[in-house]
Amino acid sequence: MKKILASLAAVGMAIAAGTAVAQEEHSAAEPTHFPIHKPKNVEWSFAGPFGTYDKAQLQRGLKVYKEVCSACHSMDLVAFRTLEDLGYSEAQVKAFAAEYTIEDGPNDDGDMFERPGLPSDYFTPPFPNHQAAAASNGGAAPPDFSLIAKARGVERGFPTFIFDIFTQYAENGPDYIYSLLTGYDEEPPAGMEIAEGTHYNPYFIGGKSLAMAAPLSDDQVTYDDGAPQTVDQYSRDVSAFLMWAAEPHLESRKKTGFRVMVFLILFAGLMYATKRRVWANVPH
């Protein structure tokens with residue numbers, strides 16, 4: 001009897017294992033949850049409660065955005081004058097803004113006119129309107145990059161988010177952007193069907209493939225500071241720059257938060273000492 005039960009148990013385990021493998025293969029070919037792979041955890045200079053932006057990295061990221069990303073993606077909420085936070089002088093910002101052509105007006109004759117950009121202007125979009133952007137990109141307008149690093153975070157789930165409270169993890173947006181930009185080299189699993197005109201990327205949050213082809217390649221952007229001209233470095237730099245664009249006051253926010261915490265700790269200590277002093281001679 002024991003041999004029969006053992007045999008039945010072995011058969012059941014074999015069937016269960018085979019079913020699990022079949023389900024795994026099926027889900028690998030046709031996943032139902034995205035992104036397929038969790039974003040990579042990247043070390044950022046601005047991570048943690050005392051993190052700060054690396055201005056050299058932000059300047060490189062700006063260059064990547066200008067020479068590559070700005071051909072399709074706008075950044076409507078970022079003014080040229082804020083680039084001084086990246087370490088540029090006022091004269092450099094003026095020269096940078098003047099490279100852009102701004103439509104202004106109307107003039108005294110009621111006509112619109114074009115002029116060089118000023119520090120008070122904002123990054124000009126690559127397309128005149130949303131409809132033109134969609135028409136030039138297969139029906140889907142590329143998203144604006146002003147807040148993309150805060151809008152494209154991937155939920156980390158339980159119990160990871162509990163630890164994030166103590167580590168002050170807020171880099172899920174840059175992690176996602178970096179992972180997406182470096183994830184084009186991976187091959188789709190066997191049996192997976194990729195829609196024509198799209199490109200497989202296991203880090204894409206909206207599906208198994210996206211219309212945007214790999215935007216970066218080695219030696220595509222020339223760096224003046226000797227940093228590696230690789231896809232990995234480009235992806236890190238532009239991800240950090242987009243984080244700054246989405247949260248330019250991150251450093252001051254962290255400094256204020258630290259001062260508040262120190263104040264609250266000292267205040268709590270003073271309140272406790274005061275309570276002990278006031279009630280020291282009161283019987284209770």
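Start where two helices meet: in α2, the residues Q57, L58, R60, G61, L62, V64 and Y65 touch Q233, Y234, R236, D237, V238, A240, F241 and W244 of α8. By class, this contact between α2 and α8 holds nine nonpolar, three polar and three charged residues. The model is a predicted one.

Now look at the geometry of that pair. Helix α2 spans residues 55–67, and helix α8 spans residues 231–246. Their axes come within 7 Å and cross at roughly 100°. That angle makes α2 roughly perpendicular to α8, because angles of 65 to 115 degrees count as roughly perpendicular.

Stay on α8 and find S239, which is in this helix. S239 is buried, with a relative accessible area of 0%. What does S239 touch, not counting residues up to four places away in sequence? The answer is W44, P174, I177 and Y178. With Y178 there is also a polar approach: a polar atom of the S239 side chain lies 3.3 Å from the backbone nitrogen of Y178.

An α-helix has 3.6 residues a turn, so residues three or four places apart point the same way.

V68 is buried, with a relative accessible area of 14%. That counts as buried because the cut-off is under 20%. Beyond its neighbours within four places in sequence, V68 is in contact with P215, L216, Q220 and V221. From V68 to A134 the sequence runs 66 residues, and the C-alpha to C-alpha separation is 18 Å.

The last stop is another loop. D121 sits between β2 (113–116) and α4 (130–135). Is D121 buried or exposed? D121 is buried, with a relative accessible area of 12%. Its side chain reaches the backbone nitrogen of L118 at 2.7 Å. Leaving aside neighbours within four places in sequence, D121 is in contact with A79, F80, I102, R115 and P116.

Conventions. Residues are numbered from 1 along each chain as its sequence is written. This is a predicted model: local features need pLDDT of at least 70, side-chain atom pairs count only at pLDDT 80 or more; totals for chains, interfaces and linings use all residues. Side-chain values use heavy atoms; hydrogens and water are left out. Axes are lines fitted to C-alpha atoms, for helices over the stretch in contact, and angles run from 0 to 180 degrees between N-to-C directions. Helices (H or I, at least four residues) and strands (E, at least two) are DSSP runs, numbered from the N terminus. Angles under 35 degrees count as roughly parallel, over 145 as roughly antiparallel, 65 to 115 as roughly perpendicular and the rest as oblique. Contact means heavy atoms within 4.5 Å. Ala, Val, Leu, Ile, Met, Phe, Trp, Tyr, Cys and Pro count as nonpolar, Asp, Glu, Lys and Arg as charged, and the others, Gly among them, as polar. Buried means under 20% relative accessible area, exposed over 50%, partly exposed in between (1.4 Å probe, protein chains only). A polar contact is a pair of N or O atoms within 3.5 Å; within protein, one must be able to donate a hydrogen and the other to accept it, and residues adjacent in sequence count only if both atoms are side-chain atoms.
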